Amino acid sequence: MEIQFDNVAKCYKGKYALKDFSATLGEGVFGLLGENGAGKTTLISILVGILRADGGTVRADGRDVGAQGRAFLTDLGYMPQYPVFYRDFTVGDFLLYMGALKSLSPALARSRAAELLDTVNLSDARDKKIGALSGGMRQRLGIAQAMLSDPKVLVLDEPTAGLDPGERIRFRNLISRFAPGRTILLATHIVPDVECIATEILLLRRGKLLMQGAPSALEQSIAGKVWEVTADLEQSRRLAERCCIGNMKQDGALFSLRIVSDECPCAGARPARPNLEDVFLYFCQDGDAPCA
Ligand SMILES: Nc1ncnc2c1ncn2[C@@H]1O[C@H](COP(=O)(O)OP(=O)(O)OP(=O)(O)O)[C@@H](O)[C@H]1O
């Protein structure tokens, strides 16, 4: 399915949360990156029909998603940033309930629920009440309910927040396996979670789309602007005052610094290969201010 946003805008109290947002998402995994308040949840809420845009259109395979109504929602799986659950439901009953809301037959809902609980590593918790789950377990249940109807379009808002490293890896593998033939939009602040699985990244800043492209293309766009420096404490402090520091690691009396800068930051700085976190820092820092 092809999702097409054309000049989508949303205002809150006269201030744009989203402005002239245009992008096309085909099949694949699309990582939506942006700092806090960039407009990610606003964009997602418009796509899934929770919010009405103040301008522009959102189309799925050429047809307005609002006008399609139920036909589009049937193809959609969605996990909100802060999922709210009925605490007294058991995990298994909750998925059957969601299956009924999505018009799955009871038999299909049961088999999909069992399969997905296994996939998200929650089979042992099937009879537990949701109120007794940990935050990470609830997050995984949110992912499972979004995938229940085998949707063609899967929209996940901060799906890996609260997951431990093992579960995050499991999640990435799950998304990669699920992706063929589907459109997956995944909003996150956790850059490594999309870096290795995203077909394309959409970089959003202050409600505007700054860039869209393959992770490697975005990284290439800042080639020559990432540096590694080994410095003592005093020099590190001086660099941190005037440069954007991506990472600082102490090694005995010295520090290894990763710096994102148009110019060579100091004598002895070594060029480094950019990664997506560098791209985020380069484009999402304020003006010339250091982002350390
Ligand atoms: N209901 C609302 N009323 C007023 N302003 C709002 C409302 N919802 C969002 N905003 C504002 O719109 C902008 C975009 O918010 P949004 O939640 O879409 O950002 P986000 O990228 O999802 O942020 P985060 O990463 O922190 O979740 C922010 O400035 C936010 O304060």
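Predicted model: local features only at pLDDT ≥ 70, side-chain atom pairs only at ≥ 80, totals over all residues.
Strand β6 and strand β7, the latter spanning residues 153-157, run parallel and are joined by 4 bridges. Within that pair, L76 stands opposite V153 of β7. A word on terms: strands are DSSP runs of E with at least two residues, helices are DSSP runs of H or I with at least four, and both are numbered from the N terminus. Two strands count as paired if DSSP finds at least two bridges between them.

Residues are numbered from 1 along each chain as its sequence is written.

The pair β6 and β7 belongs to an open sheet of 6 strands, ordered β6-β7-β8-β3-β9-β10, and the pairing is mixed. Its edge strands are β6 (76-79) and β10 (208-213), each of which pairs on one side only. From one strand to the next, the twist averages 15°. Axes here are lines fitted to C-alpha atoms, for helices over the stretch in contact, and angles run from 0 to 180 degrees between N-to-C directions.

What packs on this sheet? Helix α11, residues 276-284, does, touching β3 (28-33), β9 (200-205) and β10. The direction of α11 makes about 25° with that of β9. Contact means that the C-beta atoms of two residues, placed from the backbone, lie within 7 Å.

I turn now to strands β11, β12 and β13. Strand β11 (residues 226-231) pairs with strand β13 (residues 254-260) in the antiparallel sense over 6 bridges, and V229 stands opposite L257 of β13. Strand β12 (residues 244-251) is also antiparallel to β13, with 7 bridges joining them; D251 has L254 of β13 as its bridge partner. A hairpin is formed by β12 and β13, with 2 residues between them, and G252 in the turn has a positive phi of about 65°.

Finally, the helix pair. The axes of α4 (residues 91-101) and α5 (residues 106-119) come within 9 Å and cross at roughly 130°. Helix α4 is therefore oblique to α5, since angles under 35 degrees count as roughly parallel, over 145 as roughly antiparallel, 65 to 115 as roughly perpendicular and the rest as oblique. On the α4 side, V91, G92, L95, L96, G99 and A100 meet A109, R110, R112, A113 and L117 of α5.
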